[in-house]
There are 4 protein chains.
Amino acid sequence: MNQLSSSESKSLPKTARGRRTREKILAAAEQVFGELGYERASIVEITQRASVAQGSFYTYFPNKQAAFTELVRSLSDGLRAAVTAAAGTETSRLAVERRSLIAFFNFILEHKSLYRIVRQAEFVDEELYRDYYRRIAQGYVRGLRQAVDAGELADLDVDTVAWSLMGMADFLGMRWVLWEDQLPPDSVIDTAMRFVRDGLAR
Amino acid sequence: MNQLSSSESKSLPKTARGRRTREKILAAAEQVFGELGYERASIVEITQRASVAQGSFYTYFPNKQAAFTELVRSLSDGLRAAVTAAAGTETSRLAVERRSLIAFFNFILEHKSLYRIVRQAEFVDEELYRDYYRRIAQGYVRGLRQAVDAGELADLDVDTVAWSLMGMADFLGMRWVLWEDQLPPDSVIDTAMRFVRDGLAR
Amino acid sequence: MNQLSSSESKSLPKTARGRRTREKILAAAEQVFGELGYERASIVEITQRASVAQGSFYTYFPNKQAAFTELVRSLSDGLRAAVTAAAGTETSRLAVERRSLIAFFNFILEHKSLYRIVRQAEFVDEELYRDYYRRIAQGYVRGLRQAVDAGELADLDVDTVAWSLMGMADFLGMRWVLWEDQLPPDSVIDTAMRFVRDGLAR
Amino acid sequence: MNQLSSSESKSLPKTARGRRTREKILAAAEQVFGELGYERASIVEITQRASVAQGSFYTYFPNKQAAFTELVRSLSDGLRAAVTAAAGTETSRLAVERRSLIAFFNFILEHKSLYRIVRQAEFVDEELYRDYYRRIAQGYVRGLRQAVDAGELADLDVDTVAWSLMGMADFLGMRWVLWEDQLPPDSVIDTAMRFVRDGLAR
DNA sequence: CATGAATGAGATTTCATTCAT
DNA sequence: AATGAATGAAATCTCATTCAT
């Protein structure tokens, strides 16, 4: 399910040493893309931070874009995994919502590059970018539909709600986690959850 | 419509011919920045589309970034003006909210470049980018605070709500207006407004 | 009929200065391609010899290949013009043949790069390369056909003869002009012409 | 068939396995050099086609050029052997000439890479390139001198004639064998031979 | 004001060759 | 002998910006 299926990699390393080098490059790429954006991120910068020669980049990636794409995919997978895991055994939709939101905030606190990388994706590979959001929306839709079916929520248009909730989370994350470099205070989470609870109530 | 606070412009043109040239360049820039993103947009491309010589760009803007900044400012102003105007004489917060939302959708339908330009701004001038959202948030905050004070809404943390509403609108606009190139169907707007109404109800 | 029809040029210079620069670059390119071959010829080397900045190359040619192509075309045109002019008012086929041969030798003595450039063309643009020879062959064919029709020559397969004569001239030119940097001695020319005379006699 | 005078090879393989690997590499090199030319041919491409690791190339050749040189030598030897063998027991110069020509056409039909490889040689190792032609010319000269001495041919300058004949053969081969991928039709060979016969007649 | 040429820094990518295993 | 990773120099090309006319 994860990035090993990514067929865009030039050639997956066959030795342990190779694997290590590839990881170093990807890690550096995450940093640099996050800091400078796709266009301003240069292979020189990436390889320097990874402490490898410029040419080594091309041992593992056919070009700049491929590394970027792999990064987006891998972050996207990581985020969805983290959020899914967070839901745990909760059953009430609202409890799941709260935990997911917190998991999301935690994830981006760890990977602050995510925001900037995803937003750059819009200009690098539009489909990739849309897919990122579509996939997250799908998660919301599935959860919401179940809850509606179970009579737990009002019978709203789940698509609209999914994108609304995603927008909320995204902007709260940007405002507090990204810009202030901290988890949002409880008051924010409580307010947001109350808003959601009532907005979706039957 | 555009306030001349833009102090980064070299010198505003004095002749009518100059003004026209400047406008042509800015219009071309909006197109090109929107299509290609800041980095990939080139002065050659902009001046070609504007049908002026490359050098003429520098008659009106000290550099690429200045033109971009002015564009962001001008779009930002335009958007806020449109939304404010839309509110009109409505008094109920919800009615204002609905009209604003629709005005927002209309504006970006006209200026689809707005999204892409604003998102590029993150990598060109971070302050500019944050300001764009902060200013819009301020508008929300003001309105919400009044409504809360008037007892029209529940006593929620207005900051959180402002960013949530902005996120909702932003994502719905992206999903329907930007990606599908149309105003969202009524069902979307209705669902969103119901959600807001109940979420904010006392 | 000449290179002004070459549509591959990025943009023909509009000013006198521009025209001069373009010429300087082409002249340098002829040198460098001739000395080093297409692949080893670098834009740096070309622009240095032309005493212009690297970027200026791209003001006049979209890429390395375009400059090369134009060069081949222009040399090809030059050669054919020189040979045609040399024939002058001679009427006997053999006299024309002798003058053409000498004109050919003179031309390549002036443009020793021609050989090497044309041979590189095989790897740069195969059609271009073939055209070069086909066009020259055409010239031979036309002349031969007339002479045959006039009963001046034996009724041989003109195509075969054309390519044979071209091959002879090419190799004699390579052996004496190119490698020894001199016009072939009279003995060579006389022998060759005697060979041709008898070989083609009725 | 290949003489091991190639002193530039690192060390000839001692095991059978080694010999096989070396051959695989050379065969691949012939292909790749023929298709892409010397500069564009890459070691990666060669070793991939030979199904060996990149490093293995350097087990058998000190560098790219050495492999190329060996290839040229080996093709050159092969060609001369084939042509010599074809002459067989013929005694008339013209009969020998005809058989040689046909043998030449046959050889290049089998080794179409020959042309392209030899022409690349001009830019890789000029001496090698000249030697290739000089050696072939020598063969012609020897044969012609004998025929002249035997009173079979007119007393022409054999050097000039040798290079002329070589040029003819080369161009006919290029035009029909290389470009049309077939042995030249009989009419071509007959015309060429008639031309030679009369041109060289006493 | 407007034009278009000129500049040169910097970016991506390729590839022969070396080296550790 | 063979493998595949690592290296780094060099090449092509782009483009914001400056300048002469």
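In this structure, 32 residues of chain A are in contact with 33 residues of chain B, where two residues count as in contact if their C-beta atoms, placed from the backbone, lie within 7 Å. This is a predicted model, in which local features need pLDDT of at least 70 and side-chain atom pairs count only at pLDDT 80 or more, while totals for chains, interfaces and linings use all residues. Residues are numbered from 1 along each chain as its sequence is written, and chains are lettered from A and ligands numbered from 1 in the order in which they are written.

**Chains A and B**

- On the side of chain A that touches chain B, the elements giving two or more residues are H1, helix H6 (113–124), helix H8 (158–180) and helix H9 (186–200) of chain A; helices (H or I, at least four residues) and strands (E, at least two) are DSSP runs, numbered from the N terminus.
- H8(A) gives the most to this side, with 12 residues.
- By class, the side of chain A that touches chain B has 14 nonpolar, seven polar and 11 charged residues, with Ala, Val, Leu, Ile, Met, Phe, Trp, Tyr, Cys and Pro counted as nonpolar, Asp, Glu, Lys and Arg as charged, and the others, Gly among them, as polar.
- The same surface serves both copies, since 100% of the contact residues of chain A recur in chain B.

**Chains C and D**

- Between chain C and chain D, 32 residues of chain C are in contact with 33 residues of chain D.
- H8(C) supplies the largest share of the side of chain C that touches chain D, 12 residues, and the residues of that side divide into 14 nonpolar, seven polar and 11 charged.

**Two helices of chain D**

- Helix H4 (residues 64–87) and helix H7 (residues 126–149) of chain D pack at an angle of about 10° with their axes 11 Å apart, where axes are lines fitted to C-alpha atoms, for helices over the stretch in contact, and angles run from 0 to 180 degrees between N-to-C directions.
- That angle makes H4(D) roughly parallel to H7(D), a label given to angles under 35 degrees.
- From H4(D), D:Thr69, D:Val72, D:Ser76 and D:Arg80 meet D:Leu128, D:Tyr132, D:Arg135, D:Ile136 and D:Gly139 in H7(D).

**The DNA strands**

- DNA strand E is surrounded by 42 residues, the closest being B:Gly18, B:Ala53, B:Gly55, C:Gly55 and D:Asn63; a residue is near a molecule or strand if its C-beta atom, placed from the backbone, lies within 6 Å of it.
- The largest share of the surface near DNA strand E, four residues, comes from H3(C), and the residues of this surface divide into 12 nonpolar, 23 polar and seven charged.
- Around DNA strand F there are 42 residues, of which A:Gly55, B:Ser42, B:Asn63, D:Ala53 and D:Gly55 come nearest.
- The surface near DNA strand F has 12 nonpolar, 23 polar and seven charged residues.

**Confidence in chain A**

- Chain A averages a pLDDT of 91, and 94% of the residues score at least 70, pLDDT being the predictor's confidence in each residue, from 0 to 100.
- Over residues 1–9 of chain A, pLDDT stays under 50, and the model has 14 contacts beyond four places in sequence for them.

Definitions and conventions
Parallel < 35°, antiparallel > 145°, perpendicular 65-115°, else oblique.
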